[in-house]
Amino acid sequence: MNIPDDAFYTLLNQALAQRGEETLQRALYHALQEAILRGTLGAKSRLPGSRAMAQTLTVSRNTVNGALEQLATEGYLLRDRQGSRVAILPQRPVVDAPEPPAVRLPPHLARLPAGTQRDSPTLMLTPGTPAVNYFPLPLWRRIIDRTLREEGSALLGYGDSAGEMRLREAIARHLTLSRAISCDASQIVITEGALEGLTLCARLLSEAGETAWVEEPGYVGAKSAFLSAGLHVVGIPVGEEGMQPEGNAPLPRLIFTSPSHQYPYGTVLSASRRLALLEFARKQGAWIVEDDYDSEFRYSGEPIPAMLGMMENAPVVYLGTFSKTLFPALRIGFMVMPKVLAAAVQPLISSLLRGGHRTEQVALAHFIEEGHYARHLASMRRLYRKRQLQLREAIGRELLFPHQIIGGGGGMHLTVQIDGIDDVAVVQQARQYQLAPAALSRFWLDETEARSGLVLGYGSTSASQFPAALRTLQQIMRRCRRG
């Protein structure tokens, strides 16, 4: 051995005395491992026999053998009939805290927009968050329990990569009635929220370097999904009739739009622009990704038909989510593809997805089939309609800055354009007061074109909290004026 027996046992006894909550075996293992890595025990050094070590350290022989066997399994020791000796390991600097390796991320990731901070519990005025306290949790618990009783361990495997057939069939029936989409379960893939659907679209329908159109301003998640796939992302301006492509825009492979309730402006893509975009995509061989994130909450007139149902064999992939209609932690969304596309990608789905969340998926199918989903939507539609009107009234009373409310025909948020403020600073300071509106300027790719303002979510905020919250924002905005 490189060190005398007395020094060797002193080292081990100190380690055992300072072991804290570790077992004797783990403490002995770590002491020997560190001595080997530091070179205190050099390569080929022979250790005392396990019986001698156990007697000297006053521990059981099984404890010593357990530590030595683990070190041998990991390659630190070589054990044979002659005993244990230290293996030859690559030399490394003997330092307590080695410098971390340089991290080099792919350059295109530097363009990703700043992520959205998620709070639990949800802060007031957070956009895109439903009133989870109104969700019928006791009913949901009973359905989950019943699902486990009836199917039990049969739901513990991976399941179909495309999702539970029963849920896909329930979604197909719901979409036929509510969104005028004629489809069947074979065209539907269950995803972990809409964002996974976007990522899947990028992987299935495009290659790195191709162009994707997104709304400008628009959903940050779409930009992130396409940029992370290496696509060239181009912002297309949104006007009063929705997305309006310009003549000099590069030809796209993917076109992302939220036509029924544009995010964050809340505008509706007009019928003429929908038809023009569908025809354009058909001619160019492009795919439209239709994000229908909250069309269930429309407060005037009839529901806006989905683009997927507007023409036969429409070049559209439709994305839906239950995060907005039920609760975010459910993490269940879905994509609906035209039959020809569904057939083409079906062999690939099992390579890209692994299934899972089977109990929740089957329970959700029951929730839809038994009419609970439709009743919950009707209840939430009434609540959100009332809250939106109350928020509009509170803005009119409390917000003294010149402003313009944009959109508001449905959904769970109002966008208020307010010139002359640093909206990012407003949002940062608002968090100190448990307020979390979104900065309107963050929804632009081109920061030079961005307008300032706030996106105010009312889904998870009681109307009684609106006046005080707006007064607080008013005070913050005074401190965050530009110029």
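A residue is called buried under 20% relative accessible area, exposed over 50% and partly exposed in between, with a 1.4 Å probe and protein chains only. This is a predicted model, in which local features need pLDDT of at least 70 and side-chain atom pairs count only at pLDDT 80 or more, while totals for chains, interfaces and linings use all residues. Residues are numbered from 1 along each chain as its sequence is written, and side-chain values use heavy atoms, leaving out hydrogens and water.

K223 is buried, at 2% relative accessible area. Its salt-bridge partner is E216, with the closest N and O atoms 3.7 Å apart; the term requires a side-chain nitrogen of Lys or Arg within 4 Å of a carboxyl oxygen of Asp or Glu. E216 is also buried, with 10% relative accessibility.

A search of the whole structure gives 16 salt bridges. One of them joins R168 and D160, at 3.3 Å from N to O. Here R168 is buried at 5% relative accessible area, whereas D160 is partly exposed at 40%. Another joins R471 and E398 at 3.2 Å, N to O. This pair links distant parts of the chain, 73 residues apart: R471 lies in helix α14 (residues 466-479) and E398 in helix α12 (residues 372-398), helices being DSSP runs of H or I with at least four residues, strands runs of E with at least two, both numbered from the N terminus. R471 is partly exposed, at 41% relative accessible area, and E398 is buried, at 17%. R146, E150 and E370 are linked in a network of salt bridges.
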